[in-house]
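Reader: I would like to go through the contacts between the chains of this model with you. Could you take them one at a time and state each criterion as you go?

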Amino acid sequence: MLLSEFFTVILLLAGAFFFLAGTVGLLRFPDVYTRLHALTKADNVGLGLMVLGLALQAESWAMTGKLILIWLCVLLSSASVAHLIANAARKKGIEPWKQ
Amino acid sequence: MNTLYLYTIVGVGLFTLGLYALLIHSDLLRKILAINIMGSGVFLILVALAARTQGAVPDPVPHAMVITGIVVAVSATALALALVIRVRTKVGHANLPEQSLE
Amino acid sequence: MEAMTSLPLMTLMQLLFDTLLGFALLWLGWRALASPDLFQAIVLFIAFGLLMAIVWVRLDAPDVALAEAAIGAGLTGALLLTTLARLEAKNRSKSALEKKHKVWLMTENVKLKTASFLWLMVILMLLVSGLVYAVLTLQEQTFELQMLVSKNLESSGVSNPVTAVLLNFRGYDTLLEMSVLLLALLGVWSFGGIPKPHESLPGPVLNMLSRLLIPLLIIVAGYFLWVGSDAPGGAFQGGSVLGAAGVLLLLVGWRLCIRFVGLPLRIILVFGLGVFVSAAVVLIFLGRQFMEYPPSVAGALILLIEAAATLSIGITLAALFLVGRPEFRRHK
Amino acid sequence: MEIFYLSIAFFLLLTLLAGLWRVLRGPTAADRMLAAQLFGTTAVACVLLLAQAFERPVLRDVALIFALLAAVTAIAFVRRAWASGEHSDAAK
């Protein structure tokens, strides 16, 4: 096994773990704000790790660039959408969860 | 026999599911969703059958048909949704009148 | 794809993946149609569209996947959510629970209800078995059409077979399809004005997001238009992405300047169809058949037609989203 | 390696389906919407993995569209569906 393949495997597994964590957070956290937190952090880092892992196998620099561009787009929209949904929820009067 | 037939059967299932919902629901918005799902079933059958080439490139003709189909479906959906809004403003609700079978 | 990988483990994994995806599709379709809450149904339908795009990827139909991704992820969801908002805004007094899940066949007579339900089931079962029988006993792929396409691909002016079929071999389909788009828009406009939704100003975050995303979307639409001749992409994909950019603009609160709403907008809407038809008609005068492109200029012609079509499809889709004719001052 | 990519894609599909539970449960419309948002990201990763597994780099364009349009539905939700009036199951 090539060294780059080894790193790809590690990165993809780590990415998959973050996706799993995001889903668990989505299912288990108590209110919309905490779920947002779990999901945006997890899927951004998860996708980032996956993109890095796949970029190691990319056939050209242009492809690496496209992969990074995809990740940046998701980062941008995910972060903004998280803000927008949280803002809308707050305006609706949904109380943050308190222990 | 390969998994393409699986997708074909899923396509048939989606078509029937959509048809059933189209008949049974009185809510107009749901009827529109049902028609869309029926359409997806048909597209699925077409594309799955187009991929039945052993290892070669799939048949491009059904692909082209499905692409036009997707765009036509979205424009028809937009028209139907506008119609539903219109019905709601005129009648006050977006359901079919209740049917009495007696 | 199946034939290329001889590894049994790979085949097994594919089978697992496909089975899961197929069941997920059926389950999502069922839940989207049966769930009591309309909003929930729409979210499930959006997820259904996402999975459909993954299926197209699996079936090696990248052109279809691109169109489905742009329309399913961008346009249909936004259309449905906006319509739902309009419907709910109309009568807020009626709670969702009251009107929840009304179905046809609402009758007090239980016997009659059961009987009609059973009949429906029998008919549907017959339909399913007939359809399954039909698709499973279809003769193995005859390669005639595909052969015809690949044999004539060189003279079509493009090297992406799907684009060749759409714009050259079966240009009629595309022509009529664009007319359908226009007709749908005319239909929507004929319903007259629809009260505007209450709109607040976009906050700084949404403002920044749209400022970054919309130029990117327009560039990507151009990219799909350009690569469409020899890679997946083309007028429909580019047009859908452009349409999504338009929808985003409209959602943020942007409206077309009143000066451009009248004639200029209408010219852009029919531009694609106009270029398509005039190219075809001009060819008749040059002694060829309707829509028979001479191979030497076919590539350039197709690019020209596709560029016009992308613009028109994009603007038409955005106008369809707006619902109701954009108002313009009538001259008294 | 192909099997590995496909297995990870399979795993992502499983997490996506698990996330559907949140769409069914709610309780607020925002919960359902953000689950759909997660599906978008998962679909991006899934498509990228499939593109790698079947060695079809053009399929990455599909992921690019998903990434670009992920926000549109959510913005429609925030600006329209949730902007005016009470939604049926808002504010519990």
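Author: Contact here means heavy atoms within 4.5 Å. This is a predicted model, in which local features need pLDDT of at least 70 and side-chain atom pairs count only at pLDDT 80 or more, while totals for chains, interfaces and linings use all residues. Residues are numbered from 1 along each chain as its sequence is written, chains are lettered from A and ligands numbered from 1 in the order in which they are written, and side-chain values use heavy atoms, with hydrogens and water left out.

Reader: How many residues does the contact take from chain C and from chain B?

Author: Buried area is the accessible area (1.4 Å probe) that two parts lose on being put together, summed over both. For chain C and chain B this comes to about 7800 Å², with 77% of it on carbon and sulfur atoms. The contact draws 77 residues from chain B and, from chain C, 96 residues.

Reader: Which helix of chain C gives the most to the side that touches chain B?

Author: Across this interface the rule finds zero salt bridges, a salt bridge being a side-chain nitrogen of Lys or Arg within 4 Å of a carboxyl oxygen of Asp or Glu. Helices are DSSP runs (H or I, at least four residues), numbered from the N terminus. With 14 residues, the helix that gives the most to that side of chain C is H3 (residues 62-90).

Reader: How are helix H2 of chain C and helix H1 of chain D oriented to each other?

Author: Axes are lines fitted to C-alpha atoms over the stretch in contact, and angles run from 0 to 180 degrees between N-to-C directions. Helix H2 (residues 38-58) of chain C and helix H1 (residues 2-25) of chain D pack with their axes 10 Å apart, at an angle of about 170 degrees. Angles over 145 degrees count as roughly antiparallel, and H2(C) and H1(D) are therefore roughly antiparallel.

Reader: Which residues of chain C lose the most area to chain A?

Author: Eight residues of chain C are in contact with seven residues of chain A. The area buried between these chains is about 620 Å², of which carbon and sulfur atoms give 88%. Together accounting for 58% of what the chain C side buries, the residues that lose the most area are Val205(C), Leu209(C) and Leu216(C).

Reader: Which residue of chain D meets the side chain of Lys66(A) in a salt bridge?

Author: A search of the whole structure finds five salt bridges over all chains. In one that involves Lys66(A), the N to O distance is 2.6 Å. Lys66(A) lies in helix H3 (residues 61-91) of chain A and its partner in helix H3 (residues 60-81) of chain D, so the pair joins two chains. The partner is Asp61(D).

Conventions
Parallel < 35°, antiparallel > 145°, perpendicular 65-115°, else oblique.
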